[in-house]
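Take a look at the model below. This short report covers how its chains meet and what lies inside.

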Amino acid sequence: MESLKSALALVLCGTLCTPAPFGYGQEPAASTQPPRHAHRPAYQSAQLQGNERILQALNRFTFGPRPGDVDDVRAIGLDAWFEKQLHPTTIDETDLNARLAQYPAMQWSVADLIYRIPSNGMIRQAIDGRMQVPARGTLHAVYENQMYRLQERKTAQQEKKQAEAQTSAQAPAAKNAEPISSAAILNQLDQLDAPTADNAPAQKAAAQPMPDSQSSDHQSAAQGTDPLTDRQTDNQALFSEIAALPPVRRVIRLQSMQPAEFDAFVKSLRPAQRKALDDGLSPDLREAVADLENPQRLLVEELMAQRLTRDIYSNAQLQEVMTDFWLNHFNIYLRKNDEMPYYLVSYERNVIRPLALGKFEDLLEAVAHSPAMLLYLDNAASIGPDSPAAERAKRNAWRNPKNKAPEGINENYARELMELHTVGVNGGYTQADIIQAARVLTGWTVDQPQRGGGFVFNPNRHEPGSKTVLGKKIKQNGEREGEELLHLLAARPATAQFLSRELAIRFVSDDPPQSLVDRMARTYMSSGGDISAVLRTLFHSPELWAASDYRAKVKTPIEFVVSAARASNADVENYQPLENALRQMGMPLYGCIPPVGYKWDAADWVSTGSLVDRMNFALNLAANRLPGITVKWSPYAQQPPAQSVGMLANPVSEVDDPTPESEEARLAPLIVPGGISEATRAAALQQFQAQIAQDTSFVRPVSAARPQNRAKAATVLERQDQVLAGLLIGSPEFQRR
Amino acid sequence: MRMNRRFFLHKGALAVAGTAAIPSFLVRSVLAETGAAPGQRLVVIFQRGAVDGLNVVVPYREKNYYSMRPTIAIPQKQVIDLDGFFGLHPSMAACKPLYDQGQLAIIHATGSPDMSRSHFDAQDYMESGTPGVKGTDDGWLNRALQAEDANAALRRRCAGTCEHSAFRALALGSDVPLTLAGRVPAIALNNLNSFAVGGRGPAPSTAASAFEAMYADSGDHIFHATGDETFEAVKMLRDANPAQYQPAPGVEYPNSEFGNSMKQIAQLLKANLGVEAAFTDVTGWDTHHAQGGVNGQLANRLGDFSASVAAFWRDLGDSAENVTLVTMSEFGRTARENGTGGTDHGHANAMFVLGGRARGGKVYGRWPGLDNDQLNQGRDLALTTDYRAVLGEVITHTLGTDNLEVVFPGVRLDPRSFLRLV
């Protein structure tokens with residue numbers, strides 16, 4: 001039916017329309033401005049209005065409303081707000097950028113990242129002598145530490161018993177014999193561009209010799225007589241000494257440690273001590289310390305932290321929602337190989353996010369050229385069976401049969417390109433089409449992936465001759481064949497349907513009306529695959545505003561976790577608890593192994609186990625039990641202590657003597673602006689009262705009379721609020737959007 | 001597109017969860033009348049990603065096997081011989097004793113008759129039990145439990161008051177897989193040590209009580225139902241405390257996700273929580289690139305897999321007699337290795353049935369051969385046994401399902417054609 005319509009549209013276009021841009025089917029309808037009041041009586045009686053309409057938009061096009069968002073949208077008007085969301089570059093991101101400044105490395109090229117925050121592959125190359133270890137400075141120490149760690153692991157595997165003895169024998173040899181001057185280290189630090197306020201005095205201090213730290217090194221190395229307790233005491237003393245140093249000197253001190261010593265030292269640190277090591281460090285220096293400790297972990301932590309930072313704090317929420325959408329549509333698994341985390345940085349930053357609201361074909365092209373996708377779906381290794389490279393391999397194999405390297409097609413990417421990225425599994429292709437498409441794409445590979453190289457077309461691996469995909473002949477034309485294929489797929493009506501349905505499931509309902517999908521698909525075809533235009537059609541469709549779909553979507557784990565952080569105005573400095581929660585709920589970031597990505601519908605995300613996880617996460621988040629994440633509920637706690645005195649001197653009437661009812665009435669609309677059921681309210685209030693009963697046994701309720709009681713009372717109130725907020729975030733209402 | 005499975009997961013008429021961990025004694029006594037062995041439990045393992053069956057159960061007497069797999073074949077000298085024709089991959093060594101003891105039966109050239117080479121379609125077909133039919137929203141294992149409920153003998157016996165445990169259908173993982181989705185309530189849990197709300201303790205936390213009330217009174221039918229199941233399961237788990245059942249002496253599970261899942265299934269079985277059907281999955285089989293031969297990627301996965309399964313079996317000890325374990329994967333892989341030292345999506349595969357009562361120690365199924373004209377579409381191992389025949393036989397003898405048409409609609413499974421492996 002649909003293909004008939006499309007065919008009709010194409011015929012009409014042939015006679016009536018100007019040539020379609022990019023060869024997409026063109027529709028005569030003015031698609032960029034779809035009719036606001038489409039002829040759909042069924043929806044007219046049950047369309048969302050007013051605040052509910054705004055909330056529907058915030059729930060669907062953002063990661064959940066923050067307190068105050070509804071008012072902000074009302075102020076500028078819903079349509080204007082949406083248009084602004086479609087133009088993310090016009091949105092002020094001052095707050096976000098300040099937070100992202102914590103992760104300077106996330107701006108580096110992949111080659112820089114992999115060199116300066118080395119992968120295990122780089123370390124192995126350094127060990128094998130296939131690459132030169134950086135001569136000095138922080139980076140030198142990073143490599144030495146990692147080479148030590150890798151060799152340690154090997155040794156431990158090989159001979160568990162003798163590992164202890166070998167450690168002491170190897171450690172001094174592992175470190176570069178050349179002594180490193182403080183000045184050289186400082187040069188290197190300068191290269192890491194770490195201009196901190198205390199740099200200048202610190203440099204002066206660092207220029208002086210550091211006799212005490214040097215000698216303590218030797219002492220701890222020399223007195224190897226044992227005991228663990230001695231070493232622990234040493235490390236505790238060492239910690240006190242290092243933690244007391246000013247930032248730059250602290251980093252220099254850490255990087256001048258022998259790998260074995262450093263390894264033992266960081267392993268001895270309690271989490272609070274490890275955190276204290278970072279106190280006062282600029283972002284670059286903090287990265288340097290983490291690099292010394294574990295570069296691969298640093299890389300993955302920052303990749304995830306910047307993603308969640310954007311999800312929670314970006315004002316360009318639609319762009320982030322769509323980035324999340326496309327990262328899932330074009331899924332890539334973080335642990336595919338050592339290099340993948342590095343490539344994912346640029347995949348998200350340079351491929352997905354900038355094109356998330358642009359033309360689908362551009363996005364498809366960029367993904368197809370991305371080393372991340374070429375490696376994830378193995379196209380980087382695919383070789384045309386009759387290509388020069390394969391011929392050469394055959395000759396070599398003939399000369400020396402033992403030399404036979406595998407040479408040939410890998411059809412993995414070609415298949416998922418059609419099944420998952422474009423036309424969908426029912427898109428009318430056959431196994432023969434997949435093999436032909438795989439031949440088209442031979443030669444699309446990655447230059448030196450272990451060094452973080454980029455896309456390269458290798459003509460030697462390209463299968464010669466013309467190919468036929470989906471009935472279309474693609475003439476022999478090297479790299480251009482692939483581009484022709486991508487264009488062919490992007491312009492198929494099946495692709496328009498497939499993408500429109502997926503978007504409608506994400507934004508509207510688990511089972512979206514075909515009428516809506518058709519309308520979006522028509523816009524896709526007529527706009528040359530413009531994602532923003534398709535979203536605009538969706539936004540102006542009555543199906544989106546059907547009252548029956550209000551708060552009907554079950555939040556996926558990432559939607560739940562991020563919306564909880566947003567609803568509670570959480571200040572997140574440490575993203576690990578959020579990452580852990582996502583992993584537990586079955587949706588680890590960048591952690592979906594198969595290329596299909598995560599599902600958007602409720603079926604996969606409501607289960608006993610994940611409900612337990614959601615409730616616990618809600619309670620822990622609300623009660624400040626997630627390390628590095630701060631939430632404040634009571635109006636007293638909203639202000640820093642100095643100001644809260646003033647505020648209490650002039651208390652607002654309803655916070656003056658809060659009752660359970662007044663606190664519920666204040667917090668519930670902030671956290672669940674769409675409202676809660678009587679059952680939820682009753683259960684939350686009952687629990688709140690139980691908490692009060694517990695608290696009053698040692699502290700009297702809030703009374704404004706005696707100033708000295710106020711701080712204590714504020715603490716009690718905050719605890720009561722935490723219980724209430726935790727229950728609200730864990731409530732059935734908060735599980736939907 | 002799959003419909004919302006959760007909409008089916010409300011309580012069925014027979015599914016009133018009991019309050020204590022006294023699960024299946026009723027079921028047991030009733031099943032005794034139906035020809036099924038009493039108190040049988042079924043564990044299903046899905047190897048997602050399509051495991052390369054030809055390198056797991058190697059037809060080492062096939063010349064063509066070696067010519068088609070020049071760099072990844074397992075040399076004859078290194079296979080663990082099973083019957084003079086097939087041999088196990090050396091990384092599967094941990095499973096060989098189970099074969100020798102007659103508990104492990106292997107079925108080769110089996111799988112779903114659908115020709116799809118899409119992981120996702122093929123997994124859905126296999127899990128729904130309706131190859132080629134899209135939009136089936138419940139799974140074969142759930143329907144097998146439904147059929148058990150509908151069993152006339154069972155209904156007569158308990159007159160509609162049968163109690164099933166909340167743990168009757170259990171998935172180790174963060175969601176209920178399609179295999180287990182359907183009218184019979186199923187629960188999913190990742191980690192039984194953290195399966196409590198607001199902290200673990202002898203009594204429920206006050207927050208847990210508040211949530212329980214909130215969900216119990218909720219008009220949101222999906223969350224209402226899931227909330228009920230959740231708190232029921234949390235209570236049972238607290239009472240039974242399965243964490244007290246540590247692995248039997250000398251049994252060591254691999255420290256892997258899969259090993260951990262198998263360990264927890266063993267704990268739940270030992271805790272007598274009324275588990276009738278348990279499911280878990282294991283990934284990492286999609287070896288398109290550099291899958292390796294005796295060593296390498298696939299060998300590592302198989303090492304973890306076989307060690308976990310073998311540890312599970314030894315851990316269960318005598319109670320393994322009442323347990324049957326089945327493995328499956330969405331399809332096999334190409335008979336020939338591809339251009340990048342791996343294998344692409346193929347067709348037929350090997351399945352394992354491990355059971356205290358299995359007629360193991362044998363490789364079942366008609367072997368279609370690997371000559372070019374014997375291959376499916378000239379590239380894959382051909383299929384000679386429909387996987388539904390294997391599962392049909394297994395559930396008849398474990399769950400007491402007497403109506404296989406409910407479980408596998410659209411296919412006529414004749415018990416006389418079963419392989420007689422259980």
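## Where the chains meet

Buried area is the accessible area (1.4 Å probe) that two parts lose on being put together, summed over both. Between chain B and chain A it is about 4,500 Å². Carbon and sulfur atoms give 61% of that area. B:F120, B:M214 and B:F223 supply 15% of the area that chain B buries against chain A, more than any other three residues. The contact (heavy atoms within 4.5 Å) takes 56 residues from chain B and 59 residues from chain A.

Two salt bridges link chain B and chain A. A salt bridge puts a side-chain nitrogen of Lys or Arg within 4 Å of a carboxyl oxygen of Asp or Glu. A:E411 forms one with B:R379, with the closest N and O atoms 3.4 Å apart.

## How the model is read

This is a predicted model: local features need pLDDT of at least 70, side-chain atom pairs count only at pLDDT 80 or more, and totals for chains, interfaces and linings use all residues. Residues are numbered from 1 along each chain as its sequence is written, chains are lettered from A and ligands numbered from 1 in the order in which they are written, and side-chain values use heavy atoms, leaving out hydrogens and water.

## An enclosed helix

Helices are DSSP runs (H or I, at least four residues), numbered from the N terminus. Buried means under 20% relative accessible area (1.4 Å probe, protein chains only). In helix 6 (residues 140-150) of chain B, ten of the eleven residues are buried, so this helix is largely enclosed by the rest of the structure. Among them are B:W140, B:L141 and B:L145.

Technical notes. Buried means under 20% relative accessible area, exposed over 50%, partly exposed in between (1.4 Å probe, protein chains only). Helices (H or I, at least four residues) and strands (E, at least two) are DSSP runs, numbered from the N terminus.
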